[in-house]
Amino acid sequence: MRNLILLAPPAAGKGTQSDLLEKRYHLVHISTGDLLREAEKKEDELGKYIKETIAKGEFISDDIIYEMLENRINSPDCKNGFILDGFPRNMEQAIHYEEILKKLNISLGYVFQLDAPYDILEERMIGRRLCKNCGSVYNVNIEESKPKVENVCDKCGGVLYQRTDDNESSFKVRYDTYMEKTKPLIDYYKEKGNLYVIDSSKSKEEAFDQMKKILDREMI
Ligand code: AMP
(Lines give C-alpha, C1' and ligand atoms only; values in the text may rest on other atoms or scores of the structure.)
Protein backbone atom coordinates (compact mmCIF):
# COMPACT_ATOMS: atom_id res chain seq x y z
CA MET A 1 0.00 0.00 0.00
CA ARG A 2 2.94 2.36 -0.43
CA ASN A 3 1.43 4.17 -3.41
CA LEU A 4 -0.39 7.46 -3.07
CA ILE A 5 -2.55 9.60 -5.34
CA LEU A 6 -3.10 13.30 -4.64
CA LEU A 7 -6.33 14.67 -6.11
CA ALA A 8 -6.65 18.41 -5.87
CA PRO A 9 -7.67 21.59 -7.68
CA PRO A 10 -4.82 23.79 -8.98
CA ALA A 11 -2.63 25.41 -6.29
CA ALA A 12 -4.07 23.27 -3.48
CA GLY A 13 -0.58 22.15 -2.51
CA LYS A 14 -0.06 18.89 -4.42
CA GLY A 15 3.58 19.70 -5.17
CA THR A 16 4.38 20.94 -1.67
CA GLN A 17 2.72 17.98 0.05
CA SER A 18 4.40 15.56 -2.36
CA ASP A 19 7.81 16.94 -1.40
CA LEU A 20 7.02 16.47 2.31
CA LEU A 21 5.67 12.95 1.73
CA GLU A 22 8.67 12.05 -0.41
CA LYS A 23 11.09 12.97 2.39
CA ARG A 24 9.22 11.33 5.28
CA TYR A 25 8.26 8.06 3.62
CA HIS A 26 11.05 7.74 1.00
CA LEU A 27 8.62 7.61 -1.88
CA VAL A 28 9.22 8.78 -5.44
CA HIS A 29 7.35 11.95 -6.39
CA ILE A 30 5.84 11.62 -9.88
CA SER A 31 4.28 14.83 -11.13
CA THR A 32 2.76 14.52 -14.61
CA GLY A 33 2.91 18.34 -14.82
CA ASP A 34 6.69 18.23 -14.16
CA LEU A 35 7.18 15.42 -16.70
CA LEU A 36 5.31 17.52 -19.26
CA ARG A 37 7.22 20.72 -18.44
CA GLU A 38 10.44 18.73 -18.97
CA ALA A 39 9.20 17.37 -22.34
CA GLU A 40 8.17 20.90 -23.33
CA LYS A 41 11.81 22.05 -23.23
CA LYS A 42 12.68 19.89 -26.29
CA GLU A 43 10.96 22.41 -28.60
CA ASP A 44 9.94 19.68 -31.10
CA GLU A 45 6.33 19.19 -32.33
CA LEU A 46 5.36 17.42 -29.11
CA GLY A 47 7.05 20.09 -27.00
CA LYS A 48 5.16 22.84 -28.83
CA TYR A 49 1.82 21.07 -28.38
CA ILE A 50 2.49 20.60 -24.66
CA LYS A 51 3.56 24.21 -24.18
CA GLU A 52 0.49 25.66 -25.90
CA THR A 53 -1.95 23.31 -24.19
CA ILE A 54 -0.57 23.90 -20.70
CA ALA A 55 -0.55 27.69 -21.22
CA LYS A 56 -4.27 27.55 -22.07
CA GLY A 57 -4.95 25.49 -18.94
CA GLU A 58 -6.30 22.55 -20.95
CA PHE A 59 -5.53 18.85 -20.56
CA ILE A 60 -2.85 17.07 -22.57
CA SER A 61 -4.18 14.07 -24.51
CA ASP A 62 -4.44 10.86 -22.50
CA ASP A 63 -2.15 8.80 -24.76
CA ILE A 64 0.81 11.11 -24.18
CA ILE A 65 0.21 11.01 -20.44
CA TYR A 66 -0.05 7.19 -20.36
CA GLU A 67 3.25 6.68 -22.12
CA MET A 68 5.11 9.09 -19.84
CA LEU A 69 3.54 7.70 -16.71
CA GLU A 70 3.99 4.02 -17.43
CA ASN A 71 7.66 4.52 -18.26
CA ARG A 72 8.18 6.38 -15.01
CA ILE A 73 6.29 3.95 -12.76
CA ASN A 74 8.16 1.05 -14.30
CA SER A 75 11.55 2.49 -13.28
CA PRO A 76 13.42 0.57 -10.56
CA ASP A 77 13.36 3.52 -8.10
CA CYS A 78 9.54 3.31 -7.93
CA LYS A 79 9.52 -0.22 -6.55
CA ASN A 80 9.26 1.01 -2.95
CA GLY A 81 6.29 3.24 -3.63
CA PHE A 82 5.44 6.53 -5.30
CA ILE A 83 3.22 9.59 -5.06
CA LEU A 84 1.14 10.50 -8.09
CA ASP A 85 0.75 14.28 -8.26
CA GLY A 86 -1.59 15.31 -11.10
CA PHE A 87 -2.69 11.87 -12.26
CA PRO A 88 -5.34 10.54 -12.77
CA ARG A 89 -7.24 13.65 -13.83
CA ASN A 90 -10.31 12.13 -15.46
CA MET A 91 -12.27 8.87 -15.35
CA GLU A 92 -10.57 7.42 -18.45
CA GLN A 93 -7.16 7.94 -16.81
CA ALA A 94 -8.37 6.35 -13.54
CA ILE A 95 -9.56 3.26 -15.40
CA HIS A 96 -6.40 3.06 -17.50
CA TYR A 97 -4.30 3.42 -14.34
CA GLU A 98 -5.93 0.32 -12.89
CA GLU A 99 -4.91 -1.62 -15.99
CA ILE A 100 -1.32 -0.45 -15.49
CA LEU A 101 -1.45 -1.47 -11.82
CA LYS A 102 -2.76 -4.91 -12.74
CA LYS A 103 -0.06 -5.36 -15.36
CA LEU A 104 2.68 -4.35 -12.91
CA ASN A 105 1.05 -6.22 -10.01
CA ILE A 106 0.91 -3.22 -7.66
CA SER A 107 -1.89 -1.90 -5.47
CA LEU A 108 -3.83 1.34 -5.72
CA GLY A 109 -2.98 2.52 -2.19
CA TYR A 110 -4.18 5.77 -0.61
CA VAL A 111 -6.02 8.53 -2.42
CA PHE A 112 -5.85 11.94 -0.74
CA GLN A 113 -8.25 14.67 -1.77
CA LEU A 114 -6.76 18.07 -0.87
CA ASP A 115 -9.49 20.65 -0.52
CA ALA A 116 -9.48 24.47 -0.24
CA PRO A 117 -11.86 27.28 -1.28
CA TYR A 118 -11.49 29.00 -4.68
CA ASP A 119 -10.31 32.37 -3.27
CA ILE A 120 -7.47 30.80 -1.31
CA LEU A 121 -6.38 28.75 -4.32
CA GLU A 122 -6.38 31.80 -6.58
CA GLU A 123 -4.28 33.82 -4.13
CA ARG A 124 -1.79 30.95 -3.77
CA MET A 125 -1.57 30.55 -7.55
CA ILE A 126 -0.74 34.26 -8.03
CA GLY A 127 2.09 34.09 -5.47
CA ARG A 128 3.58 30.76 -6.58
CA ARG A 129 7.21 30.76 -7.76
CA LEU A 130 9.38 27.79 -8.77
CA CYS A 131 13.11 27.27 -8.95
CA LYS A 132 14.33 26.90 -12.55
CA ASN A 133 17.10 24.65 -11.37
CA CYS A 134 15.71 22.26 -8.72
CA GLY A 135 11.94 22.81 -9.00
CA SER A 136 11.46 23.84 -5.33
CA VAL A 137 8.20 25.67 -4.76
CA TYR A 138 7.85 29.06 -2.97
CA ASN A 139 5.01 31.48 -2.41
CA VAL A 140 5.55 35.22 -2.22
CA ASN A 141 2.03 35.68 -0.76
CA ILE A 142 2.62 33.36 2.21
CA GLU A 143 5.10 34.57 4.83
CA GLU A 144 6.52 31.14 5.76
CA SER A 145 6.88 30.10 2.11
CA LYS A 146 8.77 33.17 0.82
CA PRO A 147 12.37 32.67 -0.35
CA LYS A 148 14.95 34.28 1.99
CA VAL A 149 16.27 36.36 -0.91
CA GLU A 150 13.80 37.67 -3.49
CA ASN A 151 13.71 35.49 -6.66
CA VAL A 152 16.50 33.20 -5.43
CA CYS A 153 16.07 29.55 -4.38
CA ASP A 154 17.04 28.93 -0.71
CA LYS A 155 18.16 25.38 -1.53
CA CYS A 156 20.34 25.75 -4.63
CA GLY A 157 20.60 29.47 -5.43
CA GLY A 158 18.68 28.98 -8.71
CA VAL A 159 16.49 31.70 -10.23
CA LEU A 160 12.77 31.62 -9.40
CA TYR A 161 10.10 31.91 -12.10
CA GLN A 162 6.32 32.00 -12.44
CA ARG A 163 4.60 29.23 -14.44
CA THR A 164 3.05 30.36 -17.74
CA ASP A 165 -0.29 28.87 -16.66
CA ASP A 166 -0.26 30.68 -13.30
CA ASN A 167 -2.41 33.57 -14.51
CA GLU A 168 -6.07 34.36 -13.87
CA SER A 169 -7.53 33.13 -17.18
CA SER A 170 -5.63 29.80 -17.23
CA PHE A 171 -6.41 29.31 -13.56
CA LYS A 172 -10.14 29.64 -14.18
CA VAL A 173 -9.99 27.07 -17.02
CA ARG A 174 -7.92 24.70 -14.84
CA TYR A 175 -10.28 25.07 -11.90
CA ASP A 176 -13.42 24.54 -14.01
CA THR A 177 -11.83 21.54 -15.72
CA TYR A 178 -10.98 20.09 -12.31
CA MET A 179 -14.59 20.49 -11.17
CA GLU A 180 -15.93 18.89 -14.34
CA LYS A 181 -13.41 16.14 -15.07
CA THR A 182 -11.42 15.36 -11.92
CA LYS A 183 -13.94 15.85 -9.11
CA PRO A 184 -16.02 12.80 -10.17
CA LEU A 185 -13.01 10.66 -9.23
CA ILE A 186 -13.65 11.53 -5.59
CA ASP A 187 -16.86 9.48 -5.51
CA TYR A 188 -15.17 6.76 -7.51
CA TYR A 189 -12.36 6.34 -4.95
CA LYS A 190 -14.73 6.86 -2.01
CA GLU A 191 -16.76 3.85 -3.18
CA LYS A 192 -13.59 1.79 -3.46
CA GLY A 193 -12.73 2.73 0.16
CA ASN A 194 -9.37 4.35 -0.69
CA LEU A 195 -10.27 8.04 -0.25
CA TYR A 196 -9.12 10.38 2.56
CA VAL A 197 -10.16 14.05 2.62
CA ILE A 198 -7.52 16.59 3.73
CA ASP A 199 -8.27 20.21 4.59
CA SER A 200 -5.60 22.09 2.66
CA SER A 201 -6.92 25.59 3.32
CA LYS A 202 -4.52 26.43 6.18
CA SER A 203 -0.77 25.88 6.51
CA LYS A 204 1.19 23.17 4.69
CA GLU A 205 2.12 21.70 8.10
CA GLU A 206 -1.53 21.34 9.10
CA ALA A 207 -2.38 19.54 5.87
CA PHE A 208 0.69 17.32 6.20
CA ASP A 209 -0.19 16.44 9.84
CA GLN A 210 -3.55 15.11 8.67
CA MET A 211 -1.82 12.81 6.18
CA LYS A 212 0.81 11.71 8.69
CA LYS A 213 -1.91 10.55 11.10
CA ILE A 214 -3.22 8.24 8.39
CA LEU A 215 0.11 7.05 6.96
CA ASP A 216 2.31 6.66 10.05
CA ARG A 217 0.29 3.68 11.25
CA GLU A 218 1.34 1.70 8.20
CA MET A 219 4.35 3.29 6.64
CA ILE A 220 6.83 4.03 9.42
P1 AMP B 1 0.10 20.57 -12.73
O2 AMP B 1 1.57 20.78 -12.64
O3 AMP B 1 -0.36 19.28 -12.10
O4 AMP B 1 -0.70 21.77 -12.26
O5 AMP B 1 -0.22 20.41 -14.29
C6 AMP B 1 0.01 21.47 -15.21
C7 AMP B 1 -0.69 21.19 -16.51
O8 AMP B 1 -0.15 20.00 -17.12
C9 AMP B 1 -2.19 20.92 -16.42
O10 AMP B 1 -2.94 22.12 -16.35
C11 AMP B 1 -2.43 20.16 -17.72
O12 AMP B 1 -2.40 21.02 -18.84
C13 AMP B 1 -1.18 19.28 -17.81
N14 AMP B 1 -1.37 17.98 -17.12
C15 AMP B 1 -0.73 17.55 -16.00
N16 AMP B 1 -1.14 16.32 -15.66
C17 AMP B 1 -2.06 15.95 -16.59
C18 AMP B 1 -2.86 14.80 -16.78
N19 AMP B 1 -2.83 13.77 -15.92
N20 AMP B 1 -3.71 14.77 -17.85
C21 AMP B 1 -3.78 15.80 -18.72
N22 AMP B 1 -3.05 16.92 -18.60
C23 AMP B 1 -2.20 17.02 -17.54
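**Entry 1: the ligand**

I began with Arg89, where a polar side-chain atom lies 2.9 Å from a nitrogen atom of the ligand. How much of the ligand does the protein bury? Taken alone, the ligand exposes 480 Å², and the protein buries 98% of that. I kept in mind that this is a predicted model.

Next I looked for backbone partners. A polar backbone atom of Gly86 is 2.9 Å from a nitrogen atom of the ligand. At Glu58, a polar backbone atom is 2.5 Å from an oxygen atom of the ligand.

Then I turned to the whole shell. There are 17 residues around the ligand, and those that come nearest are Thr32, Arg37, Glu58, Gly86 and Arg89.

**Entry 2: two backbone details**

I checked the peptide bond from Phe87 to Pro88 and found that it is cis, with omega near -5°. Where does Pro88 lie? I traced Pro88 to the loop between strand 3 (82–85) and helix 5 (91–104).

My other stop was Ala11, which has a positive phi of about 70° although it is not a glycine. Ala11 also sits in a loop, the one between strand 1 (4–7) and helix 1 (14–25).

Two packed helices are described by the angle between their axes and the distance between the axes. I looked up both values for two pairs.

Helix 7 (residues 168–182) packs with helix 8 (residues 184–192) at an angle of about 40°, and their axes are 5 Å apart. On the helix 7 side, the contact is made by Tyr178, Met179, Glu180, Lys181 and Thr182. Helix 8 brings Pro184, Leu185 and Ile186 to this contact. I noted five nonpolar, one polar and two charged residues there.

For helix 5 and helix 8, the axes come within 9 Å and cross at roughly 35°. Here helix 5 uses Met91, Ala94, Ile95 and Glu98. From helix 8 I listed Pro184, Leu185, Tyr188, Tyr189 and Lys192. By class, this contact has seven nonpolar, no polar and two charged residues.

**Entry 3: aromatic rings**

How many aromatic pairs does the structure hold? I found eight. Tyr110 belongs to strand 4 (residues 110–115) and Tyr196 to strand 8 (residues 195–199), so the pair ties together parts that are 86 residues apart in sequence.

**Entry 4: around Lys202**

I ended in the loop between strand 8 and helix 9 (204–219), where Lys202 lies. Which side chain does the side chain of Lys202 make a polar contact with? I found Asp199 as the partner, at 3.1 Å. I also looked at Ile120, which is 82 residues from Lys202 along the chain. The C-alpha atoms of Ile120 and Lys202 are separated by 9.2 Å.

How values were computed: Residues numbered from 1 in each chain as written. Predicted model: local features only at pLDDT ≥ 70, side-chain atom pairs only at ≥ 80, totals over all residues. Heavy atoms only, no water. Axes fitted to C-alpha atoms, helices over the stretch in contact; angles between N-to-C directions. Helix = DSSP H or I, 4+ residues; strand = E, 2+ residues; numbered from the N terminus. Contact = heavy atoms within 4.5 Å. Nonpolar A, V, L, I, M, F, W, Y, C, P; charged D, E, K, R; others polar. Near = heavy atom within 4 Å. Polar contact = N/O pair within 3.5 Å; in protein donor to acceptor, adjacent residues only side chain to side chain. Areas by Shrake-Rupley, 256 points an atom, 1.4 Å probe, with all protein chains shown as cover. Phe/Tyr/Trp six-rings, centres within 6.5 Å; stacked < 30°, edge-to-face > 60°.
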